[in-house]
Amino acid sequence: MSEHQFISSDVKLGSDVRLGKCINLYGCEIGDESRIGAFVEVQKNARIGRRCKISSHSFVCEGVTIEDEVFVGHGVMFINDSFPRATTSSGQLQTEADWVVEPTTVRRGASIGSGATILANVVVGENAIVGAGSVVTRDVPASSIVAGNPARLLRYLETEMRIGE
């Protein structure tokens, strides 16, 4: 670990994981042969599968599960709270006890374009492609291409473009 990497002792790193500079990893799990780019944060209780690429400046928050062979472009943001607030109804600063983590799952072989935002309670289907800059507000079907704000279905992939088929 270099002076520009913070990796807490509770992080589970698989074999041959490659880590960029200026990263922040704590309480997470990263599978074999995955690559984590510079300026990436992966929070506790997040899981990244095997042979994934998480590009620079991305944020993988608590409650996110990224399955095997997933590509995450530069500056992708995951969200785990549909109604975020700084304070409680009584005006006190919120703590972890004041909200519930909402899960997000990215299935095997999916690709998420740079600058996309993936909201909470969403499943990005196997082999799906999310266009750059998209805002994903609902589930993405397997082997589909979605884009826009909010992301909309554009079409389905041809069989030869799918991972592992």
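**Group meeting: an all-strand chain**

Hi everyone, let's start with contacts: among those in the chain with a separation of 6 or more, 18% join residues 24 or more positions apart, where contact means heavy atoms within 4.5 Å. Before going on, please note that this is a predicted model, in which local features need pLDDT of at least 70 and side-chain atom pairs count only at pLDDT 80 or more, while totals for chains, interfaces and linings use all residues. Residues are numbered from 1 along each chain as its sequence is written, and side-chain values use heavy atoms, with hydrogens and water left out.

Now the overall picture. How many helices and strands does the chain have? There are zero helices and 21 strands; these are DSSP runs numbered from the N terminus, with helices being H or I of at least four residues and strands E of at least two. The C-alpha trace spans about 50 × 40 × 20 Å along its principal axes.

Of the 165 residues, 40% count as buried, meaning under 20% relative accessible area, with exposed over 50% and partly exposed in between (1.4 Å probe, protein chains only). On charges, we have 16 positive and 20 negative side chains, and the centres of the two sets lie 5 Å apart. Lys and Arg count as positive and Asp and Glu as negative, without His and the chain ends, and each charge is placed at NZ of Lys, CZ of Arg, CG of Asp or CD of Glu.

On to the sheets. Six strands make an open sheet with parallel pairing, in the order β2-β5-β8-β11-β14-β17. At its edges sit β2 (12-13) and β17 (123-124), each pairing on one side only; two strands pair if DSSP finds at least two bridges between them. β2 runs parallel to β5 (residues 29-30) over two bridges, and L13 has I30 in β5 as its bridge partner.

Another open sheet has eight strands and mixed pairing, ordered β3-β6-β9-β12-β15-β18-β20-β21. Its edge strands are β3 and β21, each pairing on one side only. Within this sheet, β12 (residues 71-72) and β15 (residues 111-112) pair in the parallel sense over two bridges, with V72 bridged to I112 in β15.

Let's move to the loops. Is S34 buried or exposed? S34 is buried, at a relative accessible area of 0%, and lies in the loop between β5 and β6 (35-36). Beyond its neighbours within four places in sequence, its contacts include D16, R18, I48 and C52.

Finally, some backbone details. Most residues other than glycine have a negative phi, and most peptide bonds are trans. C22 is not a glycine, yet has a positive phi of about 55°; this residue is in the loop between β3 (18-19) and β4 (23-25). H57, also not a glycine, has a positive phi of about 65° and counts as partly exposed at 44% relative accessibility. Last, a cis peptide bond joins N149 and P150, with omega about 0°, and P150 is in the loop between β20 (144-148) and β21 (151-156).
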